[in-house]
Amino acid sequence: MAILTYREALNRAMVEEMEKDPSIYLMGEEVGHYQGAYKVSQGMLDKFGEERVIDTPISENGFAGIGVGSAMVGLRPIIEFMTWNFSLVAIDQIINSAAKMNYMSGGQFPMPIVFRGAGGAGGRLGAQHSQAFESWYAHCPGLKVVCPATPKDAYGLLKSSIRDNNPTIFIESEVLYGSKGEVPEQEYTIPLGLGEIKRKGTDITLITWSRALGFAEEAASILEKEGISVEIVDLRSLRPLDENLIYESVKKTNRAVVVEEGWPVAGFGAQIAYLIQKNAFAYLDHPVERVTQMDVPMSYAANLERMSLPNATRVADTIREMLQ
Amino acid sequence: MVSSIPKDSQSVSELKEFYRQMVLIRKFEEAAAKAYSVGKIGGFLHLYIGQEAVGVGSIAALTPKDYIVSTYRDHGHALARGLNPKPLMAELFGKGTGISKGNGGSMHFFDRNAHFMGGHGIVGGHISLAAGIAFASKFKKEDSVTICFFGEGAANIGSFHEGLNLAAIWKLPVVFICENNHYAMGTPEYRALAVKDVSVRAYAYDMARDHIEGDEVRKVRDHVQVAVERARRGEGPTLIEVSTYRFRGHSMSDPAKYRTKEELEAYKKKDPLMRARHELELGGIKTEELDKMDLEIQTQIEEAYEYAETSPEPPLSQLHKHVYAEDK
């Protein structure tokens, strides 16, 4: 097994898929000559040339639309947003065009497109560069939403997203790009909609995805020393959602907490809490709790940013209270 | 009326065909308006009446391998592409036999086989989609050209500028056709456009431009043809502004009180159908023959109406279908 960084795993997935399928191209700001703002596309320009690794001017709405139009006639674009914060100027193309094209045409136009790039909060980037948007996109039927937490998952899930005939919102965690992990050397894919138990436990189910998995694992290690056994469910994709994995775990532990990087109001954790009370109510010994970013834009000040973000301490405190 | 007389039998028969298509659009929409007023068609219904020469002339410059991207005012473009009025009318009625299976409605006609790439409902949003389709033609080294229709209202939205800039820097085979009917819903162009002539915006993108009156169908075709050939040669996009007028309001729910009766009457004197008819008569076609053609089209529309009315609604099982495509 090779040890790869999260960014290397993503790079390998794109390279392998593009080697196999000439209809795939990568487009975005600085993906080519600059070698990727976050170096995810490092080396790809040399390998595939300017016809398939395409630098764009700063015009997210425009190149997102280019991607959607080209997908209508059989290409399989990978559209990189330098960060998901900038996707908001392209959200019309993502929701009004990509997500609905197949439906409103009566099934005539599948949309094999991946929108990917750096997401999440932190790093003292301030209010406009520090936010998690998966709940926004998960709201929309027609989109798939994928949020990998490990290099192994990033590789397998990106390959599945590229092969999928639907528009996929693939949100990479900006703070995880340099994180390392084992990635099998043999090619593999991970089906979208398949979560994974990242840690087995018996006292409480902790449901999470992307970077928040780190907070969850840290909290679980702290609590283990106190004799509390935490089971961690990593959803990996929010749409489609591995509901059964959640229910099976809750049936075993009778308690659930959702940990997410995004804001609390109308966040994806609210949907999970609803689903658990609807479908596993009889198994619950405690209301489902959530640990989220605070309900404020992100502050630049180091102490306020720390306070705003979810962290292992907050997760552990929440779990202790639930078990009292 | 300044009229051009078709010079030879070929141009007479060509104009006859354009006239037929324009009458088809006019009568289709008159029937749709009737159906709307008695509640058989829901939602918004944006009629193309008055603008027929633009769609018919432009699309006549294309071959079947070329692509068309349209707006929420898409009936005329679809009919000019040669789509059968029956599934189009059925779509307006929300029937399962509709061109988009009833999921689209008036604003969302799609026909993959005819390269009719949709009516799109967000003003200007489709301009970059058209650039994307043209991008794909270039990527695949196919010599298809895409034409994209939009109104002058769309020329003020970011997607217009981003789409044109990208198309220009990458020399994409696309022709942007601004159908300037002088009102963005109820907002007249003088209140919305800092520079009234939309076509000069092409200079900002070092793009070829053209500006024509849209009441003479063959002239529209000739000018669009030049741009299509330029695109096909790999010389990049063109922005064409076609001045036209809609005789009805923005949609069926708009009584268009923001414009004067005199203005409307002045434009009605430039009705592209009347003009084509007059030119055909000058070219030697008898009035009776044209009347007969009108009547045949009327019958065709009545059949479409009947087909739409008697078609079944989509099955309820369709509700969840097509949200996601089948797996590869």
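**Exercise 1. Determine the handedness with which H1(B) passes H10(B), and describe the contact of these helices.**

Solution. H1(B) passes H10(B) in a right-handed crossing; a crossing is right-handed if the near helix is turned clockwise from the far one by less than a right angle, and left-handed if anticlockwise. The structure is a predicted model, in which local features need pLDDT of at least 70 and side-chain atom pairs count only at pLDDT 80 or more, while totals for chains, interfaces and linings use all residues. Residues are numbered from 1 along each chain as its sequence is written, chains are lettered from A and ligands numbered from 1 in the order in which they are written, and side-chain values use heavy atoms, with hydrogens and water left out.

Step 1. Helix H1 of chain B covers residues 9-37 and helix H10 of chain B covers residues 287-310. Helices (H or I, at least four residues) and strands (E, at least two) are DSSP runs, numbered from the N terminus.

Step 2. The two axes come within 9 Å and cross at roughly 40°. Axes are lines fitted to C-alpha atoms, for helices over the stretch in contact, and angles run from 0 to 180 degrees between N-to-C directions. Angles under 35 degrees count as roughly parallel, over 145 as roughly antiparallel, 65 to 115 as roughly perpendicular and the rest as oblique.

Step 3. The residues that meet include B:Tyr19, B:Leu24 and B:Phe28 in H1(B), and B:Leu290, B:Met293 and B:Ile297 in H10(B). Contact means heavy atoms within 4.5 Å.

Step 4. By class, this contact of H1(B) with H10(B) has eleven nonpolar, two polar and six charged residues. Ala, Val, Leu, Ile, Met, Phe, Trp, Tyr, Cys and Pro count as nonpolar, Asp, Glu, Lys and Arg as charged, and the others, Gly among them, as polar.

**Exercise 2. State how H1(B) and H7(B) are oriented, and which residues make their contact.**

Solution. Step 1. The helices pack at an angle of about 105°, with their axes 10 Å apart. H1(B) and H7(B) are therefore roughly perpendicular to each other.

Step 1. H1(B) contributes B:Ser11, B:Glu14, B:Leu15, B:Phe18 and B:Met22, and H7(B) contributes B:Val217, B:Arg218 and B:Arg221.

Step 2. The contact of H1(B) with H7(B) has four nonpolar, one polar and three charged residues.

**Exercise 3. Describe the interface of chain A and chain B: how many residues does each chain give, and how many salt bridges cross it?**

Solution. Step 1. Chain A gives 49 residues to the contact and chain B gives 42.

Step 1. The chains bury about 3,500 Å² between them, 62% of it on carbon and sulfur atoms. Buried area is the accessible area (1.4 Å probe) that two parts lose on being put together, summed over both. In chain A, the residues losing the most area to chain B are A:Val73, A:Tyr103 and A:Met104, together 20% of what that side buries.

Step 2. One salt bridge is found across the interface; a salt bridge is a side-chain nitrogen of Lys or Arg within 4 Å of a carboxyl oxygen of Asp or Glu. The side chains of A:Glu51 and B:Lys141 meet in a salt bridge at 3.3 Å, N to O.

**Exercise 4. Locate A:Pro240 and A:Glu30, and describe their backbone geometry.**

Solution. Step 1. A:Pro240 is in the loop between strand S12 (237-239) and helix H9 (243-253) of chain A. A cis peptide bond, with omega about -5°, joins A:Arg239 to A:Pro240.

Step 1. A:Glu30 is in the loop between strand S2 (24-28) and helix H2 (44-48) of chain A. Phi of A:Glu30 is near 65°, a positive value in a residue other than glycine.

Step 2. Most residues other than glycine have a negative phi, and most peptide bonds are trans.
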